[in-house]
Number of protein chains: 2
Amino acid sequence: MSDTTHAVIMAGGAGTRFWPASRRLRPKQLLPLAGDEALLRQAVSRVLPLCGSKRVWIATGAHLADATLAALPELGREQLLVEPAARNTAPCIAWAAHVVARTEPDAVVMALPSDHHIADLSGYRATLEAAVASARRGVITTIGIKPSHPETGYGYIEAAPTGEQVWRARRFVEKPDRARAEEFLAAGTFFWNAGMFFFRAKDMVAAVAEHLPELARGLCELDDAARRGGEAEALASIFPKLPSVSIDVGVMERMPELAMVPGDFGWNDLGSWLTVSELAAKDPASNSAPASAVLVKSSGNHVTDLRSGGGKRVIALCGVRDLVVVETDDALLIVHRDEAQAVREVVEALVGRGDRDLT
Amino acid sequence: MSDTTHAVIMAGGAGTRFWPASRRLRPKQLLPLAGDEALLRQAVSRVLPLCGSKRVWIATGAHLADATLAALPELGREQLLVEPAARNTAPCIAWAAHVVARTEPDAVVMALPSDHHIADLSGYRATLEAAVASARRGVITTIGIKPSHPETGYGYIEAAPTGEQVWRARRFVEKPDRARAEEFLAAGTFFWNAGMFFFRAKDMVAAVAEHLPELARGLCELDDAARRGGEAEALASIFPKLPSVSIDVGVMERMPELAMVPGDFGWNDLGSWLTVSELAAKDPASNSAPASAVLVKSSGNHVTDLRSGGGKRVIALCGVRDLVVVETDDALLIVHRDEAQAVREVVEALVGRGDRDLT
């Protein structure tokens, strides 16, 4: 019986909310939105002590394959799970489970996002180790983030304590309204769903077979094609037809037994420029800006200058508050912190008028 | 007796409030802040029907001579009054009066700013013609702008009606507080001082001799040097030592008789980015921005893109209000409309840290 651990890092996101830094060919996970390294690079580095570089898989799109490998030079191209089409998380995670199960059905797979920020690395690894140990006992396991505030932008997991580190997950709850979010926070038994899942490869294969039989059939066809050395061709025809469903809805919510490890390691999903600005180091007026910027009568602003090239170029703010300013070579975004979610509409407007080279 | 008219356009201003569009070598009057042409170009074009291109004089600094001539190709270099040092308006206007008086002492001189905006051109010219006619009768004359609101940022002229188009100016009043500005507006006898003065050359020479004898002595020395063909050398040694005083304080306030023509011709002093934004054409959300800009949930903003070069570059505003955004090749300014005056502090900060190439 194998006691190895694999990581599948889901790195197919588009991240239009980080325009103009993020583009179709340079999405959120490839940007250094917190710290000096791309989020994907940080995500992989975080799990290397648990699984080693040979058991890391990166699920992404074909258009991102080269940029992804460039960010992760220790990985080989065969470690990319290149999805011919975006089909949500269930086909992605289930495919990874099938791939691992071909050789190591007892190995534990950690399915993890590529675009979150983790402040407490040792706390993160300890939580992952507990989740891996739980999964190795044959129970599909998730991590629930201990909520710090009544957030209405996340889904929740209700869980029951067991007296051990590993709780019993009871149900997944959609994004609540404010009143329910406050009840959740007060109850102490509701956790944020951060999309982190742990399972033995064979357990996920079995769960998919039971709850998503259409998906399982497609993936078994892929297994057959792989045995014959023709997975790539089969993938192109089969994958785009797989049912597009999230792993939460398609599998997790239907599992009779599911474990959850509470996690409290400074997790941040970097959902928008607002959260990025919150993480940045601030001056006494709560501004985060390059040293070259000039700030007069301004507070609470976040300035990111991603322009290439040299020369003196200065950004000056005067009498403004709570703005996020992002400069790239071909675009300037000025967005109020409270409207950071609406950056999507800017991208939609650009697409709508045919400016695809700016998106 | 000459009935010719000269214009002296005062074009030596620095205009730090229009940074980053304005620079030491490209001050406000050389910028197209309202309309497609530089303000100086517009100022000269406005007076050509009254004086012709041969009797236009441009008072400016040596560092601006080339740029000034480039904007005014119909003028010769001998029509520049190049001040070796900025000494406020009295030396500038008095020097111009002396220069004109050398050949046409009876000619009327119109001393006018170079950096204002005039909406109603025919009303402007009719007012100037009345002021010129008044000056030709031997009375130094000014124009008073009919106030549209209780402005606290301008000096006022109190005047007494005469039943004619030309009023009698009674006194100059410093910038008032709000309460006094409201009294001024209600009284109907207070007008904004727009720095426009009209006089026969010989009358100004005499007025300066009486009220600013030290200045008169320096300018008579210059006249002597000019007769000997050596004005340029004398200017360099004499001008920087002339008393630095405004024509209002040094001469106008001390005149026993002064005429004023009320003016109501859509005058705007373009004092800051706020006034520039007020003059610009607006979309239904009160934004003025290039057609290439993307505006989402934003209103009351003014965007000016002065960058050179081609390529697709987009400015996107999202969820912001009442901002002025100015882009140049080397700088970006984001200023709240209500803090447009504080742009000076940005320039001071840049000078303070040694970034003279950005100012």
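This is a predicted model: local features need pLDDT of at least 70, side-chain atom pairs count only at pLDDT 80 or more; totals for chains, interfaces and linings use all residues.

Trainee: What makes H1(B) and H4(B) oblique to each other?

Mentor: H1(B), residues 39-51, and H4(B), residues 121-136, pack at an angle of about 45 degrees, with their axes 11 Å apart. Roughly parallel would need an angle under 35 degrees, and roughly perpendicular one of 65 to 115; the two helices are therefore oblique to each other. Their crossing is right-handed. The residues that make the contact are Arg46(B), Pro49(B) and Leu50(B) from H1(B), together with Leu121(B), Tyr124(B), Arg125(B), Leu128(B), Glu129(B) and Val132(B) from H4(B). Divided by class, these residues are six nonpolar, no polar and three charged.

Trainee: Turning to a whole chain, how do you know that chain A is as compact as a globular protein of its length?

Mentor: Chain A has 11 helices and 16 strands. Its radius of gyration is 21 Å, and the globule rule gives 21 Å for 359 residues, so chain A is as compact as a globular protein of that length. The C-alpha trace spans about 65 × 50 × 35 Å along its principal axes, and 48% of the 359 residues count as buried. Among the contacts in chain A with a separation of 6 or more, 64% come from residues 24 or more positions apart.

Trainee: Which elements of chain B give two or more residues to the side that touches chain A?

Mentor: In all, 34 residues of chain B are in contact with 34 residues of chain A. The elements that give two or more residues to this side of chain B are strands S12 (294-296), S14 (314-318), S15 (323-327) and S16 (331-336), and helix H11 (343-352). The largest share, six residues, comes from S16(B). By class, that side has 21 nonpolar, three polar and 10 charged residues.

Trainee: Why is Ala342(A) called partly exposed?

Mentor: Ala342(A) has 18 other C-beta atoms within 10 Å, whereas 20 or more would be needed for a buried residue and 12 or fewer for an exposed one, so Ala342(A) is partly exposed. This residue lies in the loop between S16 and H11 of chain A. Leaving aside its neighbours within four places in sequence, Ala342(A) is in contact with Val296(B), Lys297(B), Cys318(B) and Gly319(B).

Trainee: What makes the phi of Asn88(A) worth a remark?

Mentor: Most residues other than glycine have a negative phi. The phi of Asn88(A), however, is near 70 degrees, a positive value in a residue other than glycine. Asn88(A) lies in the loop between S3 (80-83) and H3 (89-101) of chain A, and with 17 C-beta neighbours inside 10 Å it counts as partly exposed. Ser286(A) also has a positive phi, near 65 degrees, and is found in the loop between H10 (273-279) and S12 (294-296) of chain A. With 14 C-beta neighbours inside 10 Å, Ser286(A) counts as partly exposed.

Trainee: Which residues does a cis peptide bond join in chain A, and which in chain B?

Mentor: Most peptide bonds are trans. In chain A a cis peptide bond joins Trp19(A) and Pro20(A), with omega about 5 degrees, and in chain B one joins Trp19(B) and Pro20(B), with omega about 5 degrees. Pro20(A) lies in the loop between S1 (5-10) and H1 (39-51) of chain A, and Pro20(B) in the loop between S1 (5-10) and H1 of chain B.

Methods
Residues are numbered from 1 along each chain as its sequence is written. Chains are lettered from A and ligands numbered from 1 in the order in which they are written. Axes are lines fitted to C-alpha atoms, for helices over the stretch in contact, and angles run from 0 to 180 degrees between N-to-C directions. Helices (H or I, at least four residues) and strands (E, at least two) are DSSP runs, numbered from the N terminus. Angles under 35 degrees count as roughly parallel, over 145 as roughly antiparallel, 65 to 115 as roughly perpendicular and the rest as oblique. A crossing is left-handed if the near helix is turned anticlockwise from the far one by less than a right angle, and right-handed if clockwise. Two residues are in contact if their C-beta atoms, placed from the backbone, lie within 7 Å. Ala, Val, Leu, Ile, Met, Phe, Trp, Tyr, Cys and Pro count as nonpolar, Asp, Glu, Lys and Arg as charged, and the others, Gly among them, as polar. The radius of gyration is taken over C-alpha atoms; the globule rule is 2.2 Å times the number of residues to the power 0.38.
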